[in-house]
Amino acid sequence: MQADLPLLHDFSLASLNTFRIPARARHYLRVDGAAELDTVRRDPALAGLPRLVLGGGSNMLFTRDFEGIVLHMTGVGKEVLGEQDGRILVRAKAGENWHAFVQWTLAQGLGGLENLSLIPGTVGAAPIQNVGAYGTETRDVFHSLTAYDMASGEVCTLGAAACRFAYRDSIFKHPEGRDLVVLDVTFALPASWSPNLRYAELARAVEEAGLASPTPQDIGRTVEAIRRRKLPDPAEIGNAGSFFKNPVVSREHCARLLAEFPLLVHHAQADGSEKLAAGWLIDQCGWKGRALGAAGVYPKQALVLVNLGGATGEEVVRLARAIQADVKAKYGVELEPEPVFI
Ligand code: EPU
């Protein structure tokens with residue numbers, strides 16, 4: 001193995017995943033940029049190992065120790081690149097904390113990311129998950145990213161089309177993108193900003209706060225307040241945000257459910273399908289606030305599973321499977337987990 005790499009062994013990941021599951025990594029490396037990845041790729045003892053790229057650890061559930069190499073993306077740095085076609089380009093390295101980055105753009109007087117305030121995780125993870133909240137998705141403000149290709153050893157630039165963004169999805173979650181490690185992300189923010197109040201709950205909160213002509217900072221603060229009210233702070237209670245994606249069903253399936261459950265929460269999609277609220281389905285099955293062992297359903301938001309203290313990954317999986325079975329039995333709907341299971 002390369003002696004010049006600060007590789008650590010049998011390394012605890014407990015503080016590096018927001019669920020705070022006490023998993024360990026066989027090998028662990030802090031990665032600032034392409035140079036370390038290049039060294040790993042060229043080292044015969046490391047190149048063939050299973051790899052796990054880690055950002056803020058806010059979207060993964062460890063069900064076992066990781067018998068490979070964890071590449072922890074810790075490179076930081078951010079800059080305003082300038083204006084292009086009526087948009088301001090801003091670039092940040094993968095290891096930047098997402099919320100701190102959002103706040104920094106707002107402090108520069110740049111709007112566009114405020115609806116994505118307080119989302120746990122790092123800049124590098126935002127495009128992988130096409131992170132979204134309160135009416136804005138990463139793809140709406142995305143310009144391009146650079147990634148290191150662990151197969152070819154090349155650094156490549158990907159635009160939005162190449163990233164194949166979809167709901168909580170991108171090429172990086174599929175086999176074709178498996179070798180790509182995001183190094184930095186460039187965002188395109190509007191030079192002339194107007195608030196995005198498409199999400200009803202946010203529009204209501206802005207109105208209630210008496211914000212007639214809100215600034216990007218006002219919207220950011222409002223989003224933070226909503227999130228603090230409903231979502232557990234991972235610094236206090238281990239969790240990974242929404243544990244399930246909102247399921248999409250056919251119009252016919254939705255109509256059948258509505259006949260039986262008139263209060264069903266649903267949103268028509270552009271392609272004619274219907275997106276259901278997983279939180280509502282789980283709540284209706286009576287799971288809100290319940291627990292199995294040390295894994296529980298957050299009492300204020302049924303979409304979020306929490307570590308009540310000392311939970312193992314298997315305990316969280318057991319709870320998730322029980323919820324999935326109940327929702328399937330009552331509504332005929334399959335809930336798909338949002339975090340990656342390791
Ligand atoms: N609901 C209940 N009971 C609950 C939770 C929700 O009845 O315990 C109902 C709500 O009243 C509402 C509906 O279900 O009518 C939807 O609930 P909510 O607005 O809380 O959640 P969501 O809109 O489905 C999504 C994202 C969140 C994101 C919010 C805001 C997913 C899976 N979740 O939630 O993302 O913050 O919208 O945009 O897409 C995340 O991905 O980690 C995440 C937190």
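**A pocket and a domain interface**

Guide: Happy to! Let's start with the second largest pocket, which holds about 170 Å³ of space. Its lining is made up of 13 residues, and those closest to the centre of the pocket are Gly112, Glu114, Thr136, Ser194 and Asn196. Sorted by class, the lining of this pocket has seven polar residues, three nonpolar ones and three charged ones. Please keep in mind that everything here comes from a predicted model.

Now for the surroundings. The protein chain is divided into three stretches: domain 1 covers 8-73, domain 2 covers 78-190 and domain 3 covers 238-341. Let's follow domain 1 and domain 3, whose C-alpha centres lie 29 Å apart. The two are in contact, with 11 residues of domain 1 meeting 17 residues of domain 3. Between them, domain 1 and domain 3 bury about 1100 Å², and 59% of that area is on carbon and sulfur atoms. On the domain 1 side, look for Phe19, Asn59 and Leu61: this trio supplies 56% of the area that domain 1 buries against domain 3, more than any other three residues.

What about polar links across this interface? Five residue pairs are in polar contact between domain 1 and domain 3, counting pairs with both residues at pLDDT 80 or more. By class, the side of domain 1 that touches domain 3 has six nonpolar residues, four polar ones and one charged residue.

Terms used:
Residues are numbered from 1 along each chain as its sequence is written. This is a predicted model: local features need pLDDT of at least 70, side-chain atom pairs count only at pLDDT 80 or more; totals for chains, interfaces and linings use all residues. Side-chain values use heavy atoms; hydrogens and water are left out. On a 1 Å grid over the protein atoms alone, a cavity is a set of points where a 1.4 Å probe fits but cannot get out, and a pocket is an open set with protein on both sides within 12 Å along at least five of seven lines; lining residues have an atom within 4 Å of a point. Grid points are joined across faces, edges and corners, and a volume is the space filled by probe spheres set on the points. Ala, Val, Leu, Ile, Met, Phe, Trp, Tyr, Cys and Pro count as nonpolar, Asp, Glu, Lys and Arg as charged, and the others, Gly among them, as polar. Domain bounds come from an automatic or database domain assignment. Contact means heavy atoms within 4.5 Å. Buried area is the accessible area (1.4 Å probe) that two parts lose on being put together, summed over both. A polar contact is a pair of N or O atoms within 3.5 Å; within protein, one must be able to donate a hydrogen and the other to accept it, and residues adjacent in sequence count only if both atoms are side-chain atoms.
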